[in-house]
Amino acid sequence: MLGGDREKGSGLTITCGIDWAENHHDVALVDEAGQLVAKRHINDDAEGYRQLLSLLAEAGDDPRDPIPFAIETARGLLFACLRATGRKVYSINPMAVARYRERRRVTRAKSDHADAVALAHILRTDSDVHRPLPADSELVQAISVLARAQQDAVWNRAQLNNQLRSHLKQYFPAALAAFQVRGIGLDSREARAVLAAAPDPAAAARLTRVQLRSLLRKSGRQRNIDTWADRLRTVFTNDYLHQLPLVEQAMGYQTTALVRQLDAACRAADDLAEAAAEAFTQHPDAAEILSSFPGIGPLTGARVLGEIGDDRTRFRDARALKAYAGAAPITVASGKSHAVHHRRVKNQRLAAAGYVRIFGALPSPQVKEHYDRRRARGDRHTAAMRNLFNRLLGCLHHCLATGQRFDPAKAFPALGTPAEAAAS
């Protein structure tokens, strides 16, 4: 419905709030005086999207200056279609919406329509303290989808690997002795191939050296096959404690199921990593800037670029990027107390990619020198790594803003005086 007390084209600033749900959405439009201009309940389909555009048009929506809208979640087809129109989209944290709701009523009453109105009021009164979602390119959005999916697959792989390890410990210690060695894990191709063929101790002990060599070749291994087969044969035929035969067989069936899930997760992680790396190499910032940083390869670069995007107005300065990634410390001061902590509220994906990136950057002489200097000053390993991450993020923001490649001599200048060393 459209409010009858407002004439179209009156020049009032309109803001839109959308309370998102899985199958339907509540839409509310308010003007700069805080009056409800229009509201509607729409479905999450093409017809609902057309109804929303019609409602915005009746309220005076102009393609040159489209009505901005606020929503609690930054996902879904409706959100993607609205974002593609070029209008400003504000994704408001649900906790912030709850606090705004309490500003207008103390009864804690809640409804979908009231939440939509609250979202519209947030833009009306406090749009300057909220940041619209970045206007990232289509390629960067695709890189973000691939990089996040690959990271989810890696986390899923680690979870399944831990489940399999815990399960094997209950009845098949020989498998742990065979595959939990340096450079090899239960998620390796060799382990998955052997455990798929012999999921219990009895079946593993019956494997001959010829069968083991065949399984290793099938897994893709090309070197030291005879050495591997001899070692596996020795491990599997050693003396271990056993479960009851039927129980051991049943647990072997469970291992088969876990190995199948783990194999699917490993393949998904590998395929997504290849797709993300390929998409990353197509972006102009990849070869020109990001790849010039130590520790950033195609996959890590895809994760970093997917999280920070290519909208240069997204971060006001390097400090904003550091806070977003959780590298900048946070100060808590009240009365006589004053403490500095590391940030817990941050982009966890970017922080995880940053930690991997710093490990890859440590072989660089300038990076290693800075790390050793921080450790000599008393920093723990995590604090020294966080300091490196913080410093390299500042360099990344500068290089992206100016179009320069990373120069380690400028990023880590030689420190001549004790004062310069202490300031680093």
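# Briefing on a predicted protein chain

Ile-92 is a buried residue, with a relative accessibility of 2%. The model it belongs to is predicted. The protein chain has 424 residues, and 44% of them count as buried. Its secondary structure comprises 19 helices and 7 strands.

**The chain as a whole**

- The radius of gyration of the protein chain is 28 Å, whereas a compact globule of 424 residues would have one near 22 Å.
- The C-alpha trace spans about 85 × 65 × 50 Å along its principal axes.
- Among contacts with a separation of 6 or more, 62% join residues 24 or more positions apart.
- The accessible surface amounts to about 23,100 Å², and carbon and sulfur atoms account for 51% of it.
- Of the charged side chains, 59 are positive and 46 are negative. The centres of these two sets are 8 Å apart.

**Nonpolar cores**

- The largest nonpolar core holds 39 residues, and the members that touch the most others are Phe-293, Ile-308 and Leu-396.
- Two or more residues of this core come from each of α5 (138-169), α11 (245-281), α13 (298-308), α14 (318-325), α15 (348-361), α16 (365-376) and α17 (381-402).
- With 10 residues, α17 gives the most to this core.
- Ile-308 is in contact with Arg-314, Phe-315, Leu-321, Leu-350, Leu-396 and Leu-400, leaving aside its neighbours within four places in sequence.
- Another core, of 34 residues, lies apart from the largest one; among its members are Leu-168, Ala-178, Ala-204 and Leu-232.

- Phe-389 counts as buried because its relative accessibility is 8%, under the 20% cut-off.
- Leaving aside neighbours within four places in sequence, Phe-389 is in contact with Ala-325, Ala-327, Leu-350, Ala-351, Gly-354, Arg-357 and Ile-358.
- Leu-350 is in the contact list of Phe-389 and also in that of Ile-308.
- Phe-389 and Tyr-355 are 34 residues apart in sequence, and their C-alpha atoms are 7.4 Å apart in space.

**Ile-92, in a loop**

- The loop that holds Ile-92 lies between β5 (89-91) and α3 (94-104).
- Not counting residues up to four places away in sequence, Ile-92 touches Ala-70, Ile-71, Glu-72, Val-97, Leu-119, Ile-122 and His-130.
- Ser-137 is 45 residues from Ile-92 along the chain, with 22 Å between their C-alpha atoms.

**Thr-15, in a strand**

- Thr-15 lies in strand β1, which covers residues 15-20.
- Its relative accessible area is 6%, so Thr-15 is buried.
- Beyond its neighbours within four places in sequence, Thr-15 is in contact with Ala-28, Leu-29, Val-30, Ile-67, Pro-68, Ala-120, Leu-123 and Arg-124.
- Thr-15 and Ile-122 are 107 residues apart in sequence and 8.9 Å apart in space, C-alpha to C-alpha. Ile-122 is also one of the residues that Ile-92 touches.

**Residues with more accessible area**

- Glu-138 counts as exposed because its relative accessibility is 71%, over the 50% cut-off.
- Along the chain, Glu-138 and Ala-84 are 54 residues apart, and their C-alpha atoms are separated by 9.5 Å.
- Asn-224 lies in the loop between α9 (209-219) and α10 (225-236).
- The relative accessibility of Asn-224 is 48%, so this residue counts as partly exposed.
- Most residues other than glycine have a negative phi. Asn-224 is not a glycine, yet its phi is positive, at about 55°.

Conventions: Residues numbered from 1 in each chain as written. Predicted model: local features only at pLDDT ≥ 70, side-chain atom pairs only at ≥ 80, totals over all residues. Heavy atoms only, no water. Core = buried A, V, L, I, M, F, W, Y, C linked by side-chain atoms within 4.5 Å. Buried < 20%, exposed > 50% of the residue type's maximum accessible area, 1.4 Å probe, protein only. Helix = DSSP H or I, 4+ residues; strand = E, 2+ residues; numbered from the N terminus. Contact = heavy atoms within 4.5 Å. Rg over C-alpha atoms; globule rule 2.2 N^0.38 Å. Areas by Shrake-Rupley, 256 points an atom, 1.4 Å probe, with all protein chains shown as cover. Lys, Arg positive; Asp, Glu negative; His and termini not counted. Charge placed at Lys NZ, Arg CZ, Asp CG, Glu CD.
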